[in-house]
Amino acid sequence: MNARWFLWALAFAVLLIASAVYGQVVVSFDTPSFFRVVYFPLAGIAGMLFVLFSLAAKGSRTIVLLIWIPAIFLRVLLLPTAHSDDLNRYLWEGKLLAEGVSPYAQLADHPDLESYRDQYWQAMNHKDKPTAYPPLVLGLFAVFATISYTPLAFKLLFVAADLLTIGLLVGILKRRGLSPLFVGFYALNPVVLVSYAAEGHFDSLMIAPLIGGLWLWESKRYHAACAVATIGSGIKWMTLPLVPFLANRRIISCGLVAVACLGLPFVFYGGGAFQALTALFEFGGTRSFNGPLYDLLTIEIGLSRTIANACSACAFLLILLWRWFWRGRASFDSHCLWILGSLIVFSPTVHFWYIAWLLPFVALSPRIPWLVLSFSAGAYFFVWTNVEAGSYWRLTQSQRMIFWVPFLVSCLYELWSTRGQVLRLKRLRPPDPGRVAVIIPTLNAEENIDAALQSVARQTVRPDEIVLVDAGSVDATLERAAAMNLELSVIGSERGRGNQIAAGIEAAGSDWVLILHADAILDPHSVERLKRAYDSHPQMIAGALGQRFDGEHWQLSIIELLNELRAIFTRTAFGDQVQFLHRQTAIERELMPKQPLMEDVESSWRARTNGEFVYLGCSCLVSRRKWDHKDWFKRVIFVVRLLIRYRIARARGLKSAAEMSRQLYSEYYKSSS
């Protein structure tokens with residue numbers, strides 16, 4: 001077993017053991033255990049490392065081995081966990097409806113329903129409140145209560161919907177040219193695992209149709225997408241604001257489809273819409289728990305509930321109107337992230353399982369704030385420790401800070417790193433035929449150029465042109481390149497990769513440029529995946545494929561991991577990770593600086609402030625020559641120090657950054673010699 005797979009196995013072992021312990025510790029839904037708090041960051045980080053170490057794998061079988069089997073096994077481990085008190089309500093109301101009694105007709109503690117009381121009624125919460133569930137999901141509860149009136153049967157239903165979501169996400173990721181292993185950010189996330197397999201919340205029944213709608217929408221089956229997504233709204237109201245975004249200029253016809261899907265269950269149940277909506281507002285407007293904005297307004301500032309409700313509702317409506325007005329300038333999953341995220345942030349009550357609504361979209365476009373929130377969500381379970389100590393069912397101020405502050409800090413980083421671009425709907429990329437040029441900067445690269453060009457020739461989809469930009473090689477680089485019998489253009493440039501790449505971009509005639517270092521080897525599907533990516537990301541202007549070293553030392557695996565983390569979550573790639581750029585945008589906005597060093601970092605920073613940067617998660621092979629020695633850690637420190645110096649210089653302006661680049665160039669290559 002090489003070092004990377006050893007580290008992968010170690011991450012999986014931590015995730016496995018933590019989940020097994022969680023299932024044994026939680027003997028009742030209100031177990032006051034500190035392990036419930038630490039499980040989320042522990043399992044969350046282990047799951048994230050599991051995904052990142054898995055990205056070296058290739059082939060369809062790897063999805064089964066690295067995602068499906070671990071995902072199913074972890075869910076089976078958590079099934080014995082004590083279910084939430086919400087599940088008792090699902091069971092009892094399902095039985096009630098199965099016996100012909102509408103849960104909308106009276107409250108659960110009404111004397112007329114005394115004969116229906118059982119152990120699940122006894123353990124049910126909020127008996128003095130009407131049901132807030134839409135009739136469609138109540139009908140589903142009734143069916144399963146008839147089949148098997150047990151918590152396990154309901155958990156299996158929710159896990160089945162959860163697994164369906166995983167399957168849909170894998171299909172969408174492949175279609176978009178992204179690594180299907182990114183689905184692990186959802187499938188192995190502790191919030192998802194605990195929400196469905198452990199506690200038995202039914203939100204997976206809402207998410208699966210929503211992701212199914214996205215899958216259909218990307219297939220241009222808009223009416224079917226609208227109908228399927230509306231089913232999710234009929235299960236839980238939260239996705240209802242998203243349905244119009246699927247219409248794609250078919251507002252009337254898709255609207256009729258949505259109304260039919262949403263309204264028919266009410267007809268069959270003889271009403272209930274008014275009661276369900278009333279209950280929803282009663283639950284949401286008369287109580288609060290862990291809502292960040294709501295708690296700030298009511299607890300910290302001291303505003304009344306009425307004013308706080310109005311402020312929260314207005315904030316959400318502003319977000320909704322903003323996204324609707326610019327609906328054509330962003331993807332559907334981008335709208336989902338903003339709208340569902342706003343529902344969570346502005347809601348008076350935020351339970352940890354609400355975060356699971358966002359995590360499918362984190363798998364499709366990894367973003368650190370929501371992933372961090374899924375790790376800090378374990379602070380939710382301090383509530384049972386507080387109850388055991390005699391306190392009211394709530395979190396203290398410090399506990400709420402543990403829950404929300406990491407998320408807030410991550411949001412501020414996103415805002416700073418993109419210069420506010422995350423708050424602006426990015427411009428759509430100009431339409432183009434999608435031709436791809438491979439640019440190879442060279443300088444005395446005779447040892448590696450054959451392998452690099454052979455990898456270009458082996459592409460499943462051939463690039464439209466190859467541009468070799470030489471900076472004055474005195475060895476046989478150009479002769480060996482010419483002997484490959486490939487159609488390639490050779491141009492000259494002054495030294496420095498930034499100068500060479502910029503010259504190649506100007507000389508190329510294609511729409512996209514893929515930048516291959518002479519000591520790297522392209523994954524055979526690189527151009528194919530790039531074409532899929534720009535077809536499905538209309539705002540993408542730059543990105544990176546991904547890299548693996550041609551060695552198996554554990555030090556190399558750590559460096560790969562750090563590179564993955566930086567590219568995915570900070571959208572900053574090194575040249576070794578095989579960058580790509582939209583050529584017209586790169587020229588117009590000067591995305592590639594004409595400087596000898598740090599051109600890769602600088603181009604990433606410029607790209608993420610001008611449009612969408614996408615990391616595909618390929619496995620392009622890179623030489624380990626500069627890292628394969630005993631002083632690898634010193635080299636890591638050296639590179640980090642260069643980055644810090646460059647960042648400080650850049651804070652003073654682009655001119656200062658360019659001067660620093662020239663200074664660092666001599667230091668870098670002096671150390672490498």
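This briefing describes selected features of the structure shown above, grouped by topic.

The structure is a predicted model, in which local features need pLDDT of at least 70 and side-chain atom pairs count only at pLDDT 80 or more, while totals for chains, interfaces and linings use all residues. Residues are numbered from 1 along each chain as its sequence is written, and side-chain values use heavy atoms, with hydrogens and water left out. Helices (H or I, at least four residues) and strands (E, at least two) are DSSP runs numbered from the N terminus.

**Nonpolar cores**

- A nonpolar core is a set of buried Ala, Val, Leu, Ile, Met, Phe, Trp, Tyr and Cys residues joined through side-chain atoms within 4.5 Å, where buried means under 20% relative accessible area, exposed means over 50%, and partly exposed lies in between (1.4 Å probe, protein chains only).
- The largest nonpolar core has 198 residues, and those that touch the most other members are Tyr39, Phe141, Phe158, Phe202, Phe361, Leu545 and Leu581.
- Helix H7 (residues 151–175) supplies the largest share of this core, namely eleven residues.
- Apart from this core lies another, of eight residues, including Val101, Ala108, Tyr116 and Met124.
- In soluble globular proteins, nonpolar side chains tend to be buried together.
- Contact means heavy atoms within 4.5 Å, and Tyr39, leaving aside neighbours within four places in sequence, is in contact with residues that include Ala18, Tyr22, Leu78, Pro190 and Val194.

- The axes of helix H4 (residues 85–98) and helix H6 (residues 135–147) come within 7 Å and cross at roughly 85°, the axes being lines fitted to C-alpha atoms, for helices over the stretch in contact, with angles that run from 0 to 180 degrees between N-to-C directions.
- H4 is therefore roughly perpendicular to H6, since angles of 65 to 115 degrees count as roughly perpendicular, those under 35 as roughly parallel, those over 145 as roughly antiparallel and the rest as oblique.
- Among the residues that make this contact are Tyr90, Leu91 and Leu97 of H4, together with Leu138, Phe141 and Ala142 of H6.

**Strands and their pairing**

- Two strands pair if DSSP finds at least two bridges between them.
- Strand E4 (512–515) is covered on both faces, with Trp512 and Leu514 on one side, Val513 and Ile515 on the other, and all of these residues buried.
- E4 runs parallel to E1, to which four bridges join it, and Val513 in E4 is the bridge partner of Ala437.
- E4 also pairs with E8 in the antiparallel sense over three bridges, and there Trp512 stands opposite His582 in E8.
- In strand E9 (residues 612–615), Glu612 and Val614 point one way and Phe613 and Tyr615 the other way, and all are buried.
- E9 pairs with E6 in the parallel sense over four bridges, and Val614 in E9 is the bridge partner of Gly543.
- An open sheet of three strands has the order E5-E10-E7, with mixed pairing.
- Strand E5 (520–521) and strand E7 (547–549) stand at the edges of this sheet, and each has a single partner strand, so one side of each is left without a neighbour in the sheet.
- E5 pairs with strand E10 (residues 620–622) in the antiparallel sense over two bridges, with Ile521 opposite Leu621 in E10.

**A mostly covered helix**

- Helix H24 (residues 526–536) is mostly covered, as eight of its eleven residues are buried, including Val527, Leu530 and Tyr534.
- The elements that cover the buried residues of H24 include H7, E1, E4, strand E6 (540–544), strand E8 (579–582) and E10.

**Where helix H20 ends**

- Ser417 belongs to helix H20 (residues 397–417), whereas Thr418 lies in the loop between H20 and strand E1 (436–442).
- Ser417 counts as buried because its relative accessibility is 5%, and Thr418 counts as buried because its relative accessibility is 2%.
- A polar contact is a pair of N or O atoms within 3.5 Å; within protein, one must be able to donate a hydrogen and the other to accept it, and residues adjacent in sequence count only if both atoms are side-chain atoms.
- The backbone oxygen of Glu414 lies 3.4 Å from a polar atom of the Ser417 side chain and 2.7 Å from a polar atom of the Thr418 side chain.
- Thr418 and Thr609 are 191 residues apart in sequence, yet 4.6 Å apart in space, C-alpha to C-alpha.
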